Amino acid sequence: MIYLQLFLSFLQIGMFSFGGGYAAMPLIQGQVVTTHGWLTMSEFTDLITISQITPGPIAVNSATFVGLKIAGIPGAVVATVGCILPSCIIVTILARLYLKYRNLDLLQGVLKSLRPAVVAMIASAGILILKNAFWGSAESISLTGTEWSMVLIFGICVLLLRKTKLNPIWVMVLAGVMKVGISAMTNVL
Amino acid sequence: MESREEKESQGKILWKIFLSTLYLSAFTFGGGYVIVTLMKKKFVDEYHWIGEDEMLDLVAIAQSSPGAIAVNGAIVVGYKLLGIPGALVAILGTILPPFVIIAAISVCYNVFRSNFFVAQMLSGMQAGVGAVIASVTYDMGAPIVKEKDPMSLVIMLGAFLAACILEINVVYIVIVCGLIGLVRTLLSKRRSGK
């Protein structure tokens, strides 16, 4: 039963994530955190982080990670197959149609309207990740409950990303190192 | 005789597709767009298996289909070269490296997550990944805002409210916006057709 659930969840993720990479993130969060509770928001953020510093698409990485955690290796396989199955079918059909008719207008028209929605959904998922980073799993957002060190690290990272062309992987590693440094210092003091 | 030779060379090409996609998938950081560019380098510039223009269209298919772009890219290239077997081999090559790497990492994750340094490192990286997403959102959103197409802005705002405030399942948002796009495209086609 759990295999079927994993399969269907990742099938949806594979079927409705348009625009690659981050587009899958809100869908994964919806299925894995909100609907099924397979991961906590912190674990989900860890997963996104790990996906960022390793090769491979976020959706495939998530399928492996979540599948393994919930139902071992078979779970990972089932989830991965679920997440790539829609691609296999849809892309093959489109490739066949394209090789025959050489026309992609309709598809790209649909995509044009999806793009703004995808950006909005990525932003929404990003906000949840930041909320979790700044305020932990606390229900309410308050000034006193804010982890200011995280806000500071976030600010530095945004600056680094926008002002320098530093690779995002290094920015994230740096963020981790900064946090270790801050915690070590506050522990000593 | 000829068919046997053909079979042999087909096997060789399958093997080459597998190795190329395996290699690209294992060593490409930075997501689907990067890997698609590298695929073009490999299959168009190096092997000359696919024409430049055709590759551009195949990449467009990969990018406009749902799912991971790296996987979609592997499917179009594999399918174009050797049909379904080519596509299957390319998929296998593409998903094997992340599967193995993530499996190994999740074992370590369970062992080391409670370690103080690892926990702090991961927690700091949450702020980092938040920054990366903010930056990506800006890069993706700014051109749409600059275009000043009112419909796009309405879709963006509506989708944001639906996802963030109303917490509507994103699947529905994708379906609704896709349908809006379909209707718009068909309408504008009819208009230009007259």
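Predicted model: local features only at pLDDT ≥ 70, side-chain atom pairs only at ≥ 80, totals over all residues.
A cavity is here a set of points on a 1 Å grid over the protein atoms alone where a 1.4 Å probe fits but cannot get out; points are joined across faces, edges and corners, and the volume is the space filled by probe spheres set on them. The structure contains three cavities of 30 Å³ or more. Residues are numbered from 1 along each chain as its sequence is written. Local features need pLDDT of at least 70, and side-chain atom pairs count only at pLDDT 80 or more, whereas totals for chains, interfaces and linings use all residues.

The lining (residues with an atom within 4 Å of a point) consists of A:Glu43, A:Phe65, A:Lys69, B:Ser106, B:Tyr109 and B:Asn110. At least two lining residues each come from α4 (58-101) of chain A and α4 (69-112) of chain B, helices being DSSP runs of H or I with at least four residues, numbered from the N terminus. The largest contribution, three residues, is that of α4(B).

Between the chains, 90 residues of chain A are in contact (heavy atoms within 4.5 Å) with 84 residues of chain B. The buried area, the accessible area (1.4 Å probe) lost on putting the two parts together and summed over both, is about 7,700 Å², with 77% on carbon and sulfur atoms. Three salt bridges (a side-chain nitrogen of Lys or Arg within 4 Å of a carboxyl oxygen of Asp or Glu) cross the interface. B:Arg113 forms a salt bridge with A:Asp46, with the closest N and O atoms 2.8 Å apart.

Conventions: Chains lettered and ligands numbered in written order. Heavy atoms only, no water. 1 Å grid on protein atoms, 1.4 Å probe; cavity = no way out; pocket = protein on both sides within 12 Å on 5 of 7 lines; lining within 4 Å.
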